[in-house]
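Subject: Structure handover

Hi,

Here is the structure I promised to pass on. Please open it alongside this email; my notes follow below.

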Amino acid sequence: MKNLPKGIYLRGSVYWLAIQTGGKRQFFSLQTADLSSAITRAVEIKGSVPSDDKHTLEAMAEKYLNSRAKEGRHSKKTSSWSRRIIFQFIGDIGSISVVAVTENVTKRWFAEQRARMTEAAAQSYVRALKGFFSWLLAEGKIRQNPFNFRMAKVSELAKERFCSPELRNQLLENAPSPEMALILNLGFHAGLRKNEIIEARWNWVDLNAGLLRVQNTDTFQTKNRKGRTIPLSKRLEAFLASIPRCDGYIVKPDVAHGVSEYRYDFRRPFDDYMAEQGCEWVTAHTMRHTFASLLVSAGVSMSKTAIWLGDGIQVVERHYAHLIAQDSDIDRAG
């Protein structure tokens, strides 16, 4: 596009700003397709990017994460999660000065996250960033927390949403690749958590006994640090029996652990597939929730369901007790 202000250019449908600072060229998303708004945002950024980079988001994020780890405030998992969210945010808006992050910037970013994920997930991202900016406020680096805005209360009904047997079967049958078929079967028919699917190994599967044994490994620990055994449903048993086995991971066995939180993150292909199927609301956790919801709805005891999920009975009762359609115990009092 011609006659754009210096440093502003269009990438896709969003304007970006290029600035020479700290001896290198940096790029910042202006988070808008409107040129007037882009120019206003560019002026904000140009006026607040420090020449020495000491207070860029990137530099302060490293200090924050290191301090939390050193103080024991963050577990290894929490630290990894926070790092991923914070640096995704920085990647989206650029490593600008911390004082350049306004509430308008954070609200626009939050709106973008809500458009591509569930409300609950988007709010969890905001909470992670709110913690980072609360630390910046306590350190005297900013005057107010730009993430300190109100968010709508996530409906409890959203947490209870799960796939019907018909929809579950449709998603399984239309799986676009062998990897996605594996992911869907392990989620819908065994109730595995996302990282359990990623870390699942063939030595967990005992086709002779008809069991799936979720175990701690050198790269993985279960949520409660305990293993659990799940009986293989006929459908899952038949599916796994049809696949060539190897000595390692079930899903993407050629991918090794690196520096990322997950050995292999299937979020993007999973989200793309669900969007194609018109099921954007289905997440990896929805598969686990569907597994449990359909069992309880069919009359399977919550104690069995809790064992297979690897959750406490109180957790299962809290989330699934409302799904019990009928209970003959109501007539015991005569």
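This is a predicted model: local features need pLDDT of at least 70, side-chain atom pairs count only at pLDDT 80 or more; totals for chains, interfaces and linings use all residues.

S301 lies in the loop that runs between helix 12 and helix 13. A polar atom of its side chain is 3.2 Å from the backbone nitrogen of K304. I324 is 23 residues away from S301 in sequence, yet the two C-alpha atoms are 9.5 Å apart in space.

Next, helix 13. This helix spans residues 302-309, and its buried residues are M302, T305, A306, W308 and L309. Why do they fall on the same side of helix 13? Because the arc they cover around the axis is only 165°. What do these buried residues pack against? Their partners are strand 6 (228-231), helix 12 (284-297) and helix 14 (313-320). Just past the end of helix 13, G310 has a positive phi of about 80°.

Strand 6 leads on to the sheet. The sheet is open, with 3 strands in the order 4-5-6 and antiparallel pairing. Strand 4 (205-206) and strand 6 are the edges, each pairing on one side only. Between strand 5 (residues 211-214) and strand 6 there are 4 bridges, in the antiparallel sense. Across that pairing, R213 faces T229 of strand 6.

Now the aromatics. The model has 13 aromatic pairs. One of them joins F110 and F149: the centres are 5.7 Å apart, the planes make an angle of 35°, and the pair is tilted. This pair ties together distant parts of the chain, 39 residues apart. F110 belongs to helix 4 (residues 103-116), while F149 sits in the loop between helix 5 (119-138) and helix 6 (156-159). Are these two residues buried or exposed? Both F110 and F149 are buried. They also belong to a cluster linked by ring pairs, whose members are Y64, F89, W109, F110, F132, F133, W135, F147 and F149.

Two arginines deserve a look as well. R11 places its charged end over the ring of W16, at 4.2 Å from the ring centre. R263 does likewise with Y249, where the charged end sits over the ring at 3.8 Å from its centre.

That is my list. Over to you.

Best wishes

Technical notes:
Residues are numbered from 1 along each chain as its sequence is written. Side-chain values use heavy atoms; hydrogens and water are left out. Rings of Phe, Tyr and Trp (its six-membered ring) pair if their centres lie within 6.5 Å; planes under 30 degrees apart count as stacked, over 60 as edge-to-face and the rest as tilted. Helices (H or I, at least four residues) and strands (E, at least two) are DSSP runs, numbered from the N terminus. Buried means under 20% relative accessible area, exposed over 50%, partly exposed in between (1.4 Å probe, protein chains only). A charge sits over a ring if NZ of Lys or CZ of Arg is within 6 Å of the ring centre and within 35 degrees of the ring normal. The arc is that of the directions from the helix axis to the C-beta atoms. Contact means heavy atoms within 4.5 Å. Two strands pair if DSSP finds at least two bridges between them. A polar contact is a pair of N or O atoms within 3.5 Å; within protein, one must be able to donate a hydrogen and the other to accept it, and residues adjacent in sequence count only if both atoms are side-chain atoms.
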